[in-house]
Amino acid sequence: MKTYNYNDSIGRKIATCSRLIGNGLNKKFKDLNCPLTFEQWKIMTCLRPREGISQNELAVIVDKDHTLVSKLVSSLIKRKMLLRIPDPNDKRTNRVFLTQEGKEILQNLATEQVQVFLDSIVEDIPEHEVEIFSSVLDRIIKKTQ
């Protein structure tokens, strides 16, 4: 049995990679005067095909704590990117929608810039290796859920 070495562990490498991608995207957004952070972008991107879902459903989809999602949603509401509307059938539930401004930010700037950034990360890696890496990550995610 191998001796555990934190610096060589897959968990540390995945966490570091995730953090660095988030930091890189935050810098990219800032350089482009995009009014979003990476975390806000994730909320909006996950909401786009599912407009009108509850904040609790959104928290599950983005795999974030409900309190953090509520803060991110509130911040995006203040920036006029999202709307929060009480569910007519359950006043304890809020439904979340993109505003026109939020849709335009996603369509015109943020999503394209994210794709350019992510493509640049793997541009020197053969496509078949990226596919294998993605497949392995999917299997790790499935085993840890």
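**Close-up views of a predicted model**

**View 1. The loop between α3 and α4 holds D63.** In this predicted model, D63 sits in the loop that joins α3 (55–62) to α4. D63 counts as exposed, because its relative accessibility of 68% lies over the 50% cut-off.

**View 2. The loop between α1 and α2 holds N33.** N33 is placed in the loop between α1 and α2. Although N33 is not a glycine, its phi is positive, at about 55 degrees. The relative accessible area of N33 is 68%, and the residue is exposed.

**View 3. Helices α2 and α4 cross.** The axes of α2 and α4 (residues 66–78) come within 10 Å and cross at roughly 90 degrees. The two helices, α2 and α4, are therefore roughly perpendicular to each other. On the α2 side, the contact involves E39, Q40, I43 and M44, which meet V69, L72, V73, S75 and L76 of α4. By class, this contact of α2 with α4 consists of six nonpolar, two polar and one charged residues.

**View 4. The largest pocket is lined by 34 residues.** The volume of this largest pocket is about 1300 Å³. Of the lining residues, C17, S18, I21, F133 and L137 lie nearest the centre of the pocket. Two or more lining residues come from each of α1 (10–31), α2 (38–47), α5 (100–122) and α6 (127–144). Helix α1 gives the largest share, eleven residues. Sorted by class, the lining of the largest pocket comprises 18 nonpolar, nine polar and seven charged residues.

How values were computed. Residues are numbered from 1 along each chain as its sequence is written. This is a predicted model: local features need pLDDT of at least 70, side-chain atom pairs count only at pLDDT 80 or more; totals for chains, interfaces and linings use all residues. Side-chain values use heavy atoms; hydrogens and water are left out. On a 1 Å grid over the protein atoms alone, a cavity is a set of points where a 1.4 Å probe fits but cannot get out, and a pocket is an open set with protein on both sides within 12 Å along at least five of seven lines; lining residues have an atom within 4 Å of a point. Grid points are joined across faces, edges and corners, and a volume is the space filled by probe spheres set on the points. Helices (H or I, at least four residues) and strands (E, at least two) are DSSP runs, numbered from the N terminus. Ala, Val, Leu, Ile, Met, Phe, Trp, Tyr, Cys and Pro count as nonpolar, Asp, Glu, Lys and Arg as charged, and the others, Gly among them, as polar. Axes are lines fitted to C-alpha atoms, for helices over the stretch in contact, and angles run from 0 to 180 degrees between N-to-C directions. Angles under 35 degrees count as roughly parallel, over 145 as roughly antiparallel, 65 to 115 as roughly perpendicular and the rest as oblique. Contact means heavy atoms within 4.5 Å. Buried means under 20% relative accessible area, exposed over 50%, partly exposed in between (1.4 Å probe, protein chains only).
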